[in-house]
Amino acid sequence: MNSESTPKIVSGSNFALSPVLKTRLELQAMREAGRVVAFAVRKAFDALEQGITTREMDSIAREAIESEGAKPGFLGLYGFPATACISINEEIVHGIPGDRIVRSGDLVTLDCGALVDGYNSDYAMTKVVGDSTREKDDLIDTTRESLEAGINAARHGNRIGDISNAIETYVVPRSYELVREYVGHGIGKRLHEPPQVPNLGKSGQGLELQVGLVLAIEPMVNVGGWQTRTLDDEWTVVTADGSLSCHFEHTVAITEDGPLVLTVE
Ligand code: MG
Ligand code: MG
């Protein structure tokens, strides 16, 4: 069994430990890791068109990261064989790049990380190749906007549950379902640190957010039910009912001045 890249909720895991607060110097490295991964994902999406393979997109992301003097954060981690997770249509997370040819209308998610001075970033976004539909555009808008709502709640003095609740109350009234088995997480020297950041929850509950905490916030939104299953490759997670799924993620620092998104160019 693999350890999944986006962590599954497991009781008794290292998520029971205390979060690691980052110094200003550490945040500088994480900001650079965030800048590099945003650049790499943009370069890969710039090349996205009908006919490209997911392996080609992955190579572009890897070259972009290495051209900036950084390292791919996912490559080899838990045994993952590539730079980016590329998940298409009903695939939610952890798709393995390969020979698959991207077709017009495909909903493509790139999830990627970079390492700078030993510090991680984690970033994901979703786009449609070629011709889209109102259904796909609305799914993408809802997922991106729910991430923005979650980020807006990532404030000193709030709690993890405030982030979870902001995402839930944005998505659920729009008749979508949020994936429950995979969650956001703390991030730093390790890609996955405590605490877990679920995409559903109650305001005012969970760990209090302190200055220096850095979180990867990552709603995964399904058109159908929330249930998932893992394919025989032991990595690719898909919706159990085959419905479309969308994923956006940013790495966000809690600062005195509010949430600071690190994964931007
Ligand atoms: Mg993540
Ligand atoms: Mg990710």
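Predicted model: local features only at pLDDT ≥ 70, side-chain atom pairs only at ≥ 80, totals over all residues.
Residues are numbered from 1 along each chain as its sequence is written, and chains are lettered from A and ligands numbered from 1 in the order in which they are written. Local features need pLDDT of at least 70, side-chain atom pairs count only at pLDDT 80 or more, and totals for chains, interfaces and linings use all residues, while side-chain values use heavy atoms, with hydrogens and water left out.

Donors are N, O and S atoms within 2.8 Å of the metal (3.2 Å for Na, K and Ca); water is not among the atoms, so sites may look incomplete. The magnesium ion (ligand 2) is 3.2 Å from the magnesium ion (ligand 1), and Asp122 coordinates both. Asp122 lies in the loop between strand 6 (119–120) and strand 7 (123–128), and His185 in strand 9 (residues 184–186), so the pair ties together parts that are 63 residues apart in sequence. Helices (H or I, at least four residues) and strands (E, at least two) are DSSP runs, numbered from the N terminus. Asp122 is buried, at 3% relative accessibility, and His185 is buried at 0%. Buried means under 20% relative accessible area, exposed over 50%, and partly exposed in between (1.4 Å probe, protein chains only).

Several backbone features were also identified. The peptide bond from Pro194 to Pro195 is cis, with omega near 0°, and Pro195 belongs to strand 10 (residues 193–197). Asn89, a residue other than glycine, has a positive phi near 60°; Asn89 is located in the loop between strand 2 (84–88) and strand 3 (91–93) and is buried at 15% relative accessibility. Ser175, which is not a glycine, has a positive phi of about 70°. Ser175 occupies the loop between helix 4 (160–171) and strand 8 (177–178) and is exposed, at 60% relative accessibility.

The structure contains 13 salt bridges, a salt bridge being a side-chain nitrogen of Lys or Arg within 4 Å of a carboxyl oxygen of Asp or Glu. One of them joins Arg100 to Glu91, with the closest N and O atoms 3.1 Å apart; Arg100 is partly exposed at 35%, whereas Glu91 is buried at 12%. In the salt bridge between Glu177 and Arg180, the closest N and O atoms are 3.9 Å apart. Salt bridges that share partners also join Asp141, Arg144, Glu145 and Glu148 into one network.
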